[in-house]
Amino acid sequence: MNEDITYPNVRLIDADGTQRGIVSVKEAMDIAYDQGLDLVEVSDKADPPVCRVMNYDKYRYELKKKQQEAKKKQTVIETKEMKFRPKTEEHDLNFKIKKIKQFLAQKNKVKVTMRFRGREIVYAQSIGLAALTKIADTLREDCVILQEPKMEGRQLVMFVGPKP
């Protein structure tokens, strides 16, 4: 910007967007100062480099506003987790399924985990898999199964996400 530009000649674009052609840096700075604006390097890859006459502070302000607006509009998807045990009763299971549906309604992903402790690991492929497939069947109309149930250490894990 301004005095930091060290090239002998630059391609100049005026404040209103018209091209002035190739001019010396001193001449380009004089043009910018006459208009009360800054000389800003736009592209240093071109030959000769491209510079533009603009109000740099106003440009930075507008750029910051655009970034804030974009950040405001973006949605952050969280991953919630719901934990079960193989001996979780029917009522508790239904209550947790209802909670999973709430998470999916808020556009969050849900990690459904069934943890096995001690000798319960014996039931992983029978009771555990049956319970997770029952949960998956109950949720099918509300969500998309991102990852089918699979063993990770001593727990059976399944990922579900909201429907697009």
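Predicted model: local features only at pLDDT ≥ 70, side-chain atom pairs only at ≥ 80, totals over all residues.

Me: Why is Val-110 called buried?
Reply: The relative accessibility of Val-110 is 0%. Buried means under 20% relative accessible area, exposed over 50%, and partly exposed in between (1.4 Å probe, protein chains only). Val-110 therefore counts as buried. Its place is in strand 6 (residues 109-115); helices (H or I, at least four residues) and strands (E, at least two) are DSSP runs, numbered from the N terminus.

Me: What makes the buried residues of helix 1 line one face?
Reply: The buried residues of helix 1 (residues 25-34) are Val-25, Ala-28, Met-29, Ile-31 and Ala-32. Viewed down the helix axis, these residues fall within an arc of 160 degrees, so they line one face of helix 1. The arc is that of the directions from the helix axis to the C-beta atoms. On the face turned away from the buried side, helix 1 carries the exposed residues Lys-26 and Asp-34. Ile-31 and Val-110 are 79 residues apart in sequence and 59 Å apart in space, C-alpha to C-alpha.

Me: How do you know that Asp-14 forms a salt bridge with Arg-20?
Reply: The criterion is a side-chain nitrogen of Lys or Arg within 4 Å of a carboxyl oxygen of Asp or Glu. The closest N and O atoms of Asp-14 and Arg-20 are 3.1 Å apart, and the pair therefore meets the definition. Asp-14 is buried at 8% relative accessibility, whereas Arg-20 is partly exposed at 41%. The structure holds seven salt bridges.

Me: What makes the salt bridge of Glu-120 and Arg-85 a tie between parts of the chain?
Reply: The side chains of Glu-120 and Arg-85 meet at 2.6 Å, N to O. Glu-120 lies in the loop between strand 6 and helix 4, and Arg-85 in the loop between strand 5 (79-84) and helix 3 (90-105), so the pair ties together parts that are 35 residues apart in sequence. Glu-120 is buried, with a relative accessible area of 11%, and Arg-85 is partly exposed at 28%.

Me: Why is the pair of Lys-134 and Glu-90 said to tie parts together?
Reply: Lys-134 forms a salt bridge with Glu-90, the closest N and O atoms being 2.5 Å apart. Lys-134 lies in helix 4 and Glu-90 in helix 3, so the parts tied together are 44 residues apart in sequence. Lys-134 is partly exposed at 32% relative accessibility, and Glu-90 is partly exposed at 44%.

Me: Why is Lys-73 called exposed?
Reply: Lys-73 has a relative accessible area of 65% and is therefore exposed. Lys-73 is found in helix 2 (residues 56-73), and a positive surface patch is formed by Arg-60, Lys-64, Lys-65, Lys-72 and Lys-73. Patches are made of residues with over 30% relative accessible area and no salt bridge, like charges being joined within 9 Å and nonpolar side chains (Val, Leu, Ile, Met, Phe, Trp, Tyr) within 5 Å.

Me: Why does Ile-127 count as partly exposed?
Reply: The relative accessibility of Ile-127 is 38%, so Ile-127 counts as partly exposed. Ile-127 lies in helix 4 (residues 124-139). With Val-122 and Tyr-123, Ile-127 forms a nonpolar patch on the surface, with about 290 Å² of accessible area together.

Me: Which features of the backbone call for comment?
Reply: Most residues other than glycine have a negative phi, and most peptide bonds are trans. Lys-107 has a positive phi of about 65 degrees although it is not a glycine. Lys-107 is placed in the loop between helix 3 and strand 6 and is partly exposed at 49% relative accessibility. A cis peptide bond joins Asp-47 and Pro-48, with omega about -5 degrees.

Me: Why is Pro-48 called buried?
Reply: Pro-48 has 14% relative accessibility and therefore counts as buried. Pro-48 lies in the loop between strand 3 (38-43) and strand 4 (50-54). The C-alpha atoms of Pro-48 and Arg-140 are separated by 60 Å, the two residues being 92 residues apart along the chain.

Conventions: Residues numbered from 1 in each chain as written. Heavy atoms only, no water. Areas by Shrake-Rupley, 256 points an atom, 1.4 Å probe, with all protein chains shown as cover. Lys, Arg positive; Asp, Glu negative; His and termini not counted. Charge placed at Lys NZ, Arg CZ, Asp CG, Glu CD.
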